[in-house]
Amino acid sequence: MAGAVVLALLLLLAAMAAASVAAAGGCAGEAFSANRAYAACSDLPRLGASLHWTYDRGAGGELSVAFVAAPAAPGGWVAWGLNPAGDGMAGAQALVAVPSSSGAWEVRTYNISGYALGEPGPIAFPASDLAAELGADGRVRVFGTLSLAAYGGAGVLNQVWQVGPAVTGGVPSPHAMGGANLAAKAKLDLLTQTTTAASSSSSAIAKKRNIHGLLNAVSWGILLPMGAILARYLKTFRSADPAWFYLHVSCQLIGYGVGVAGWATGINLGNMSNGITYTLHRNIGIIVFALGTLQIFALFLRPKKENKYRVYWNMYHHSVGYTVIILGITNIFKGMTILGVEQRWKTAYVAVLCLLGVAAIILEVVTWGMVVKRRNAESKTFNSASNGHLPRHV
């Protein structure tokens, strides 16, 4: 009986200990090499990262940290830093861990002055004991000690962190621009040993990015190709004339209107994101908008069917139209890469394009069959009429 009571007490104590660890967050169970230990830890709100730290005000404001996160892809990089000037990337004093050519991990310091990483160099918080290692779980542990003496031992600091997919030629590649990446920032309270999410406009920017992508995908990437399909194939059916023309124009005008809204949203995002420029994506967007606008104005210069210049107008209209569609779809995929959208959204858009492609192939076969039959019928009629009027030879 006594043994059973003791066993029950032991089980209760074990359950209480497990509950305590769970309440403290996943970071509490982290173990580090070289017997490193820290006074506090926090599971950061984005990117599955955590921070462990010990702050010693009596030792010149030394902050010993261990940052833990998984790279965005194997061979990628992780970074953590403090920003004494703001709550974003610009101004951050960062520790960036990258894999070296030997396979070991190294830590570089970056004084990030804008929205590009720049070159490694000294940071405002003198750093020492820098090290990094890759764990068996695929996460990287970044260690270091920062001296905060020059900042008067400030109790609350802005912290930022990030993960990237690759390191090319020793240079970390840009990180994704998804919502989690843009919101990877928080307040680090050294006195209360807590972290709190930083309030910023990053969520609003992320929302505008998503709206920008959605508008452009629907307009340049779906409605305009649909309008081209309607024009190419429906006009073969004589019963669809002139309905096909009005359907084509309506589809293209709606697509252009939605596309202009998406383009304007992109311009606004560019103005809100000083220092961040996606040159190729921007230039393709400008070309698509310019050619699309040219197509709209060309409608007012459309010659009548019997006009001798109509054939040249058709050549221009078709070539520019297909160019807009190809560039638009290309730019949509580039935008998806920039936004770091989930694979399911890419798959969904590819599925829509495949449906349009299958519809176009089927209509191509059907309409060619109709054209061949029609020409054969007209040829027979012509031959019959010709034979009926042949002069008689005596």
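Reader: Before we start, what should I know about the model and its numbering?

Author: It's a predicted model, where local features need pLDDT of at least 70, side-chain atom pairs count only at pLDDT 80 or more, and totals for chains, interfaces and linings use all residues. Residues are numbered from 1 along each chain as its sequence is written, and side-chain values use heavy atoms, with hydrogens and water left out.

Reader: How many helices and strands does the protein have?

Author: Helices (H or I, at least four residues) and strands (E, at least two) are DSSP runs, numbered from the N terminus. Here you get 7 helices and 13 strands.

Reader: And what share of the residues is buried?

Author: Buried means under 20% relative accessible area, exposed over 50%, and partly exposed in between, using a 1.4 Å probe and protein chains only. Of the 394 residues in this protein, 36% are buried.

Reader: What do the contacts say about sequence separation?

Author: A contact means heavy atoms within 4.5 Å. Take the contacts between residues at least 6 apart in sequence: 59% of them join residues at least 24 apart.

Reader: Now the open sheet: what is its strand order?

Author: Two strands pair if DSSP finds at least two bridges between them. The open sheet has 5 strands, ordered β1-β2-β3-β8-β7, with antiparallel pairing. At its edges sit β1 (40–43) and β7 (127–134), each pairing on one side only.

Reader: Backbone torsions next. Where is the cis peptide bond?

Author: Look at omega: the bond joining Asp-241 and Pro-242 is cis, with omega about 5 degrees. Pro-242 lies in the loop between α3 (202–234) and α4 (243–272).

Reader: Which residue other than glycine has a positive phi near 55 degrees?

Author: Asn-35 does, with phi near 55 degrees. Ala-34 also has a positive phi, about 55 degrees, although it isn't a glycine. Ala-34 is in the loop between α1 (2–24) and β1, and Asn-35 is likewise in the loop between α1 and β1.

Reader: Is Ala-34 buried or exposed?

Author: Ala-34 counts as exposed because its relative accessibility is 64%. Asn-35 is exposed too, with a relative accessible area of 75%.
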